[in-house]
Every structure is written in structure tokens, then in C-alpha cells.
Amino acid sequence: WKEFVFSINVLFEFIKGFRALHFVGPCVTVFGSARFKAGHPFYEQTVALSGRIAELGFTIMTGGGPGIMEAANRGAAEVQAKSIGLNITLPHEQRPNAYITPELCFQFRYFALRKMHFLIRAKALVAFPGGFGTLDELFETLTLIQTGKVIGVSVVLVGRDFWDRLINWEYLVEQGLIGPHDRELFHYAETAQQAWDLIARNHGVRPAT
């Protein structure tokens, strides 16, 4: 009985997400720490970047919570663009931020389905500094790109000093754990403008001057 109920819940959540997002166009998914507050440089960069991305015609998609997620939804809202928030039920309840487009605010029970929706419409993933959740999404995306399960997704890491100190990519290459070409699966950006230009260039959109 428990297995049956679980299967029904998964199927319901799967169908619900697809029906609600069926008419949503290409997205840019933004990840990063929930702990950055308004006024922090990364928060403000996210607001600026998301506004530019929304003006390109992409829909911003986030995990729906505070910090970088809030900043990304806020950037879209400030240019009167729609944005998506995919919240997740957690032991310490996460509340949707106030900047998500109301009809595009969702609550998921299962991480696997939430992750699928993060990527299925994504043309780019932008990762600002973050903790376990950000790293989880980043490495899952890189693995799917590396293995050819996902194509056409640009990965932009904002803040090279943070990422290089956190992850020793060269050591992974030296140990034969990833190939030298795997370092080409992602790009670095230091500013919102650089990240915006990378996404625009990779998807055939002329960057703003």
C-alpha cells in the first residue's frame, strides 16, 4: 500500500509540473546560497543578471527560496517578466519568496522531479557561490552534460576565486578522474555583464553594448 501511494504521489507531481509549465519557453536556471541577503554583492549581481536574462526572452527559474533564489526572481519581477520558483518540502520549511510569478510557484515533495524540471527547459545554468544544494545541482548538471544526457545547456560559474578554491579541477585532471576537455563544460564570470554575455553568445543572441 505504501508503495502504491508513493507511486501515485510521484505520478501526480510529475503530471502537475508538466501541465503547469507546458507553455513556458526556454529557461535559465539560477542557483546559489539561500543565505545571501539584499545588499550582498552576489545578491545584487543576481538581481542585475536576472533582469538582463529576462529581457533576452528567457524565463528565470529558481528553487523559490531566499538569498540568491529570491534575487533571481526579483530581477525578473523588476523588468515585469515572469519567473518560476520550484520550492521543496523540507524539515525546516522553506517559504516561497515574494517575487515569484504566483501562477508559476510550485511546491515539490520529491527532489528527483524538482531536479528534472530545473533542467528539462534550461538553456543555461548559472551557479553563484552556495552550499550543499548548489553543489548538488551543479555536479548533477555537469555529469548529465559530460555523459551526453543533456545537450545545449551552458553552465556559468560566477566568482572564479570561490570556485577555484572550493574545487581543485586541475587535481581531478591530474588524477585522471576527469578529462582535460571536461574543464570546457563550464565557464567563469565575475560580473552580471560577463555572465549575460556568455549566455547570449552561446545562444546566438547579440549581447548588449
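The model is a predicted one. Helix 2 and helix 3 pack at an angle of about 40°, and the largest pocket holds about 500 Å³ of space.

**Packing of helix 2 and helix 3**

- Two packed helices are described by the angle between their axes and the distance between the axes.
- Helix 2 spans residues 41–56 and helix 3 spans residues 68–78; their axes lie 7 Å apart, at an angle of about 40°.
- The two helices are therefore oblique to each other, because angles of 65 to 115 degrees count as roughly perpendicular and those under 35 degrees as roughly parallel.
- The crossing in which helix 2 passes helix 3 is right-handed.

**Residues of the helix contact**

- Helix 2 contributes F42, Y43, T46, V47, S50, G51 and A54 to the contact.
- On the side of helix 3, these residues meet I68, E70, A71, A72, R74, G75, A76 and E78.
- By class, the contact of helix 2 with helix 3 comprises eight nonpolar, four polar and three charged residues.

**Largest pocket**

- The space in the largest pocket amounts to about 500 Å³.
- The largest pocket is lined by 21 residues, of which G32, A34, M69, G133 and T134 are the closest to its centre.
- Helix 4 (111–120) and helix 5 (132–146) are the elements that give two or more residues to this lining.
- Helix 5 supplies the largest share of the lining, with five residues.
- The lining of the largest pocket divides into nine nonpolar, eight polar and four charged residues.

Notes
Residues are numbered from 1 along each chain as its sequence is written. This is a predicted model: local features need pLDDT of at least 70, side-chain atom pairs count only at pLDDT 80 or more; totals for chains, interfaces and linings use all residues. Side-chain values use heavy atoms; hydrogens and water are left out. Axes are lines fitted to C-alpha atoms, for helices over the stretch in contact, and angles run from 0 to 180 degrees between N-to-C directions. Helices (H or I, at least four residues) and strands (E, at least two) are DSSP runs, numbered from the N terminus. Angles under 35 degrees count as roughly parallel, over 145 as roughly antiparallel, 65 to 115 as roughly perpendicular and the rest as oblique. A crossing is left-handed if the near helix is turned anticlockwise from the far one by less than a right angle, and right-handed if clockwise. Contact means heavy atoms within 4.5 Å. Ala, Val, Leu, Ile, Met, Phe, Trp, Tyr, Cys and Pro count as nonpolar, Asp, Glu, Lys and Arg as charged, and the others, Gly among them, as polar. On a 1 Å grid over the protein atoms alone, a cavity is a set of points where a 1.4 Å probe fits but cannot get out, and a pocket is an open set with protein on both sides within 12 Å along at least five of seven lines; lining residues have an atom within 4 Å of a point. Grid points are joined across faces, edges and corners, and a volume is the space filled by probe spheres set on the points.
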